[in-house]
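The sequence and structure come first.

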Amino acid sequence: VSAPAEPMKESRTHLAVVPAPPDAVPPRTLEARSDDELMLLARGGSKVAFEALVRRHQTRVLSVAARRLGHRALAADVAQNAFLEVYRALPRYQPRGMFPAFLYHVLLNQCRMQQRSARAEARALDTVEETTGASDDAILAREWQRDVESALRALSPKLRDVVLLRYSADLKYEEIAEALRVPVGTVKRRLFDAMAKLRERMVRR
Amino acid sequence: MTSRAHGVPSSRELARYLEREVTASEAAALEAVLADSAEARRRHDELARIRDALGSPVSQIGELDLAARVLLAIEQPPARRRRTARFASWPLVALAAGLVVGVGLLARESREASEFRQKSAASPAGTASRFAGVVAHHVTAGGVTERLGAKLPARDGLVFSYTNLGPNPFGYLMIFGIDESGEVRWYHPAYDTLGTNPASIPIEAGVASASLGALVVHELAPGPFRLHALFTRQPLHVVELEALLRHGGEKALDALRDASDQIILTQVTP
């Protein structure tokens, strides 16, 4: 092994990996900002603002997608695509305090596209879980959870979407109405119908 | 209130009650029924349990770092394959590895020829970094191996050996390079499949000049190239590390606790 042809330079100068100015917003303050503020910061070039927005919503978005599609891995892809769609929509986003409605409108569209695609097969939610060491109560609770999700998949898409947006996404009626482009009264009617049907199915199981 | 059989409210009515979508008088009437009727309470509780089940996150979904995936996808359009690395044939690897292992003192020399950053001289990492380091060799297409110096031909692959001695050696290592445009090229772990998120490689304690074996070849752009060998106590993941670099630049590595970052500077030549 030969020695280096020239001595290596030593320097403590750091390369700029990303341009700093667009992300000048201190990350600590981002959590306190509204969705609309984060969207506007992201539109201005702040990727950390968009990251904060994704982190704020990701668990609920993933849960809605997983329950809507019945498949966790597909849910991750769909949720990712939804956030990318939101990112692409930054230039035309209207800050009206309805970001969740906008986000879930995009997400449900992505779910529908996924279900229409050839890859979308009717597969059971991949909730195979490790039960070793779990208490009887924990096992029963998981079984209940699986049955509820199974009953949910048996609902019509219209009823299922309202239930998911209300409980899994924790949206208000007005936000659900905006996301689904239906009147608030329709949202309520579908929600109560859906809950009655879900209970009926759970009793019959 | 309508459609009650034997005085028990319907599921629909109870769902409205759970949502507070009843008038005060309806709520009072329902509460009176709930106080008297075990069947009504059972229905109410079942509905509440369904609502709670749907309100809880899908199991294990919280473990997925969607934000990191989204940011990665934003910065890297699917059509573009920028991190592709390839592994050279095993005979070449064996040849290169053999040459590397034969050089016992190169780790110390490497430390002299490269830059180290750690939290402070008094920190455990500061002590450990004096005993930890890597040596890089570049390997030509013809199989000639030379210790990496000031110049790195663009098409040459790199092999590494590491030393991890001292009273408190490290447990994990990442080796990556950053070119002039800020693009990160991974060597260990060799990140060659998009959508994955490999972790730091575990390293042995108490070894000197241990070969990492694989020869990793990137197609590099000519220009300055900074190789980082990041020794840590806990494993890190590629996506997290890249996010850290994106947000804070290379200085962000200073924020890693109890870690040692060795930097080797070289120039990629056409």
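At 17% relative accessibility, Glu26(B) counts as buried, where buried means under 20% relative accessible area, exposed over 50% and partly exposed in between, with a 1.4 Å probe and protein chains only. This is a predicted model in which local features need pLDDT of at least 70 and side-chain atom pairs count only at pLDDT 80 or more, while totals for chains, interfaces and linings use all residues. Residues are numbered from 1 along each chain as its sequence is written, chains are lettered from A and ligands numbered from 1 in the order in which they are written, and side-chain values use heavy atoms, leaving out hydrogens and water.

**Salt bridges within a chain**

- Over all chains there are 23 salt bridges, each a side-chain nitrogen of Lys or Arg within 4 Å of a carboxyl oxygen of Asp or Glu.
- Glu26(B) pairs with Arg16(B) in one of these salt bridges, at 3.3 Å from N to O.
- Arg16(B) lies in helix H1 (residues 11-18) of chain B and Glu26(B) in helix H2 (residues 24-36) of chain B, so the bridge ties together parts 10 residues apart in sequence; helices (H or I, at least four residues) and strands (E, at least two) are DSSP runs, numbered from the N terminus.
- Arg16(B) is partly exposed, at 21% relative accessible area.
- In chain A, Arg96(A) and Glu178(A) form a salt bridge whose closest N and O atoms are 2.4 Å apart.
- Arg96(A) sits in the loop between helix H4 (72-88) and helix H5 (99-116) of chain A, and Glu178(A) in helix H8 (residues 173-180) of chain A, so this pair joins parts 82 residues apart in sequence.
- Arg96(A) is exposed at 54%, whereas Glu178(A) is partly exposed at 25%.

**Between the chains**

- Glu46(B) forms a salt bridge with Arg199(A), with the closest N and O atoms 2.7 Å apart.
- That pair crosses from helix H3 (residues 38-55) of chain B to helix H9 (residues 184-204) of chain A.
- Both Glu46(B) and Arg199(A) are buried.
- A network of salt bridges links Arg199(A), Glu39(B), Arg42(B), Arg43(B) and Glu46(B).

**Helix H6 of chain A**

- The 18 residues of helix H6 (residues 136-153) of chain A should span 26 Å, and the end C-alpha atoms are 26 Å apart, which agrees; the expected span is 1.5 Å times one less than the number of residues.
- Trp144(A), Val148(A), Glu149(A), Ala151(A) and Leu152(A) are buried in H6(A).
- Seen down the axis, the buried residues of H6(A) fall within an arc of 160°, so they line one face of the helix; the arc is taken over directions from the helix axis to the C-beta atoms.
- These buried residues of H6(A) pack against helix H3 (47-69), helix H7 (157-168) and H9 of chain A, together with H3 of chain B, contact meaning heavy atoms within 4.5 Å.
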